[in-house]
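Student: Can we go through this one together? I'd like to start with the overall layout and then pick out some details.

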Amino acid sequence: MKRSGEEPPVAVVTGAGRGIGKAAAIAMAQAGWRVALVSRSKGELESVGETIGGRGGEATCHVGDVSDLGAVRETWARICEKWGSPDCLVNNAAVVEPVGAAFETDPLAWARLMEINLTGAFYCAHTALKGMVEQRRGCLLNIVSGMGLRVFPHFSAYSVSKAGLIHLTRVLAEEVRPYGVTVNALDPGLVDTDMQTNLRNLPAGAVGKEMRE
């Protein structure tokens, strides 16, 4: 489905059920975007969708796991069928655990985080950029972290995933620049979200003081 240039732009926000993703989705809807909300939690998505609708915005809810390539493609197809090819993707979905010394971390839990934070972000970018390159416009925003640039003991999985996403952003930006598509990374800093609350509730010594403030 293609839409006319007079229709509102379309954004897809992953991890939209809470925290930064929720705030981004609501802000974009208030700015006039139609927003496709993506998350694994149906209840949280519906709550965000109701908030947007109650403020006069337009949103659709799509339950799915970004680490499942088939689910990502199916979700994107549903969004395109309803609104046409999206103009923006906010790659926000992420988890922070496992937390702990790398040599004590469950390798399968480490790999699962990578599937969501890095591979999942790539799956979404790969799917989104195809349409953006074809229509010669679009923007991709990867939500990253300063932990991808500095050493934070006990956060090997999360910090490495964000370091990878930062570099992936640089590579993608150069690849799609000739097609009028932009790719950027945003480090929002410490934000008072459920994820941050969970970190504060971890046992003393599990994380450094800088992650609790």
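This is a predicted model: local features need pLDDT of at least 70, side-chain atom pairs count only at pLDDT 80 or more; totals for chains, interfaces and linings use all residues.

Student: How many helices and strands are in the protein chain?

Tutor: There are six helices and six strands. Read from the N terminus, they run β-α-β-α-β-α-β-α-β-α-β-α.

Student: And what share of the residues is buried?

Tutor: Of the 213 residues, 44% are buried. The accessible surface is about 10700 Å², and carbon and sulfur atoms account for 54% of that.

Student: Switching to helices. At what angle do α3 and α4 cross?

Tutor: Roughly 35°, with the axes coming within 10 Å. Here α3 is residues 69-83 and α4 is residues 107-135. The crossing is right-handed.

Student: Which residues meet there?

Tutor: From α3, Leu 69, Val 72, Arg 73 and Trp 76. From α4, they meet Tyr 123, Cys 124, His 126, Thr 127 and Ala 128. Sorted by type, the residues of this contact are six nonpolar, two polar and one charged.

Student: New topic, Thr 14. Where does it sit?

Tutor: Thr 14 is in strand β1, which covers residues 10-14.

Student: Why does Thr 14 count as buried?

Tutor: Because its relative accessibility is 2%, and buried means under 20%.

Student: What does its side chain reach at 2.9 Å?

Tutor: The backbone nitrogen of Ala 93.

Student: Which residues does Thr 14 touch, leaving out those up to four places away in sequence?

Tutor: Among them are Gly 21, Val 38, Val 66, Asn 92 and Ala 93. Cys 124 is also one of the residues touched by Thr 14, and Cys 124 takes part in the contact of α4 with α3.

Methods
Residues are numbered from 1 along each chain as its sequence is written. Side-chain values use heavy atoms; hydrogens and water are left out. Helices (H or I, at least four residues) and strands (E, at least two) are DSSP runs, numbered from the N terminus. Buried means under 20% relative accessible area, exposed over 50%, partly exposed in between (1.4 Å probe, protein chains only). Accessible areas come from the Shrake-Rupley method with a 1.4 Å probe; for residues, only the protein chains shown count as cover. Axes are lines fitted to C-alpha atoms, for helices over the stretch in contact, and angles run from 0 to 180 degrees between N-to-C directions. A crossing is left-handed if the near helix is turned anticlockwise from the far one by less than a right angle, and right-handed if clockwise. Contact means heavy atoms within 4.5 Å. Ala, Val, Leu, Ile, Met, Phe, Trp, Tyr, Cys and Pro count as nonpolar, Asp, Glu, Lys and Arg as charged, and the others, Gly among them, as polar. A polar contact is a pair of N or O atoms within 3.5 Å; within protein, one must be able to donate a hydrogen and the other to accept it, and residues adjacent in sequence count only if both atoms are side-chain atoms.
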